[in-house]
Amino acid sequence: YIWVNIKNITMSDDLKPGQKFPTPTPGFGDRVFYETLYRQNPVSEMAQEWCVNYGVLPYDEAKEIYKHVMQRKGKKILSPSCNNNKAIKRKTKLEHPIAVSTDLNVGGG
């Protein structure tokens, strides 16, 4: 058995303004939905927020939309030194380690 325990998840250093999560691949269903919604209705609040949080917009566009999202929520806009170009580290602890069998004999024989 192999014990798997996740301690740190680190994102890349090239985050866009307001990005909180890793950018999903272009074929990911949520990304397709929200990008399409944003292109069809650029004032959609939920599309703006999702696109900013996941970093799918170009940098300059994300910067502008991030300002609108923060104003709408009544929050202060983080300065670029606090928000951009820094790795985000999230610590995740598993309550119970996951046991993974390395036995490849699936046929039971």
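User: Which residues line the largest cavity, and what makes them lining residues?

Analyst: The lining of the largest cavity is G18, K20, E49, V52, N53, Y66, V69, M70 and K73. They count because lining residues have an atom within 4 Å of a cavity point, where a cavity is a set of points on a 1 Å grid over the protein atoms alone where a 1.4 Å probe fits but cannot get out. Bear in mind that this is a predicted model, where local features need pLDDT of at least 70, side-chain atom pairs count only at pLDDT 80 or more, and totals for chains, interfaces and linings use all residues. Residues are numbered from 1 along each chain as its sequence is written, and side-chain values use heavy atoms, with hydrogens and water left out.

User: How many cavities of 30 Å³ or more are there in the whole structure?

Analyst: The search finds 1. About 50 Å³ of space lies in the largest cavity; a volume here is the space filled by probe spheres set on the points, with grid points joined across faces, edges and corners.

User: Which element gives the most to that lining?

Analyst: Helix 3, with 4 residues. Helices here are DSSP runs (H or I, at least four residues), numbered from the N terminus.

User: How do the lining residues divide into nonpolar, polar and charged?

Analyst: It's 4 nonpolar, 2 polar and 3 charged. Ala, Val, Leu, Ile, Met, Phe, Trp, Tyr, Cys and Pro count as nonpolar, Asp, Glu, Lys and Arg as charged, and the others, Gly among them, as polar.

User: Why is helix 1 called oblique to helix 2?

Analyst: Helix 1 (residues 29-40) and helix 2 pack at about 125 degrees, with their axes 9 Å apart. That angle makes helix 1 oblique to helix 2, because under 35 degrees is roughly parallel, over 145 roughly antiparallel, 65 to 115 roughly perpendicular and the rest oblique. Axes are lines fitted to C-alpha atoms, for helices over the stretch in contact, and angles run from 0 to 180 degrees between N-to-C directions.

User: What makes up the contact of helix 1 with helix 2?

Analyst: Helix 1 brings D30, R31, F33, Y34, E35, L37 and Y38, and helix 2 brings M46, A47, Q48, W50 and C51. Contact means heavy atoms within 4.5 Å. By class, that contact has 8 nonpolar, 1 polar and 3 charged residues.

User: And why are helix 2 and helix 3 oblique?

Analyst: Their axes come within 10 Å and cross at roughly 120 degrees, so helix 2 and helix 3 are oblique to each other as well. The residues in that contact include E49 and V52 of helix 2 and Y66, V69 and K73 of helix 3.

How values were computed:
On a 1 Å grid over the protein atoms alone, a cavity is a set of points where a 1.4 Å probe fits but cannot get out, and a pocket is an open set with protein on both sides within 12 Å along at least five of seven lines; lining residues have an atom within 4 Å of a point. Helices (H or I, at least four residues) and strands (E, at least two) are DSSP runs, numbered from the N terminus.
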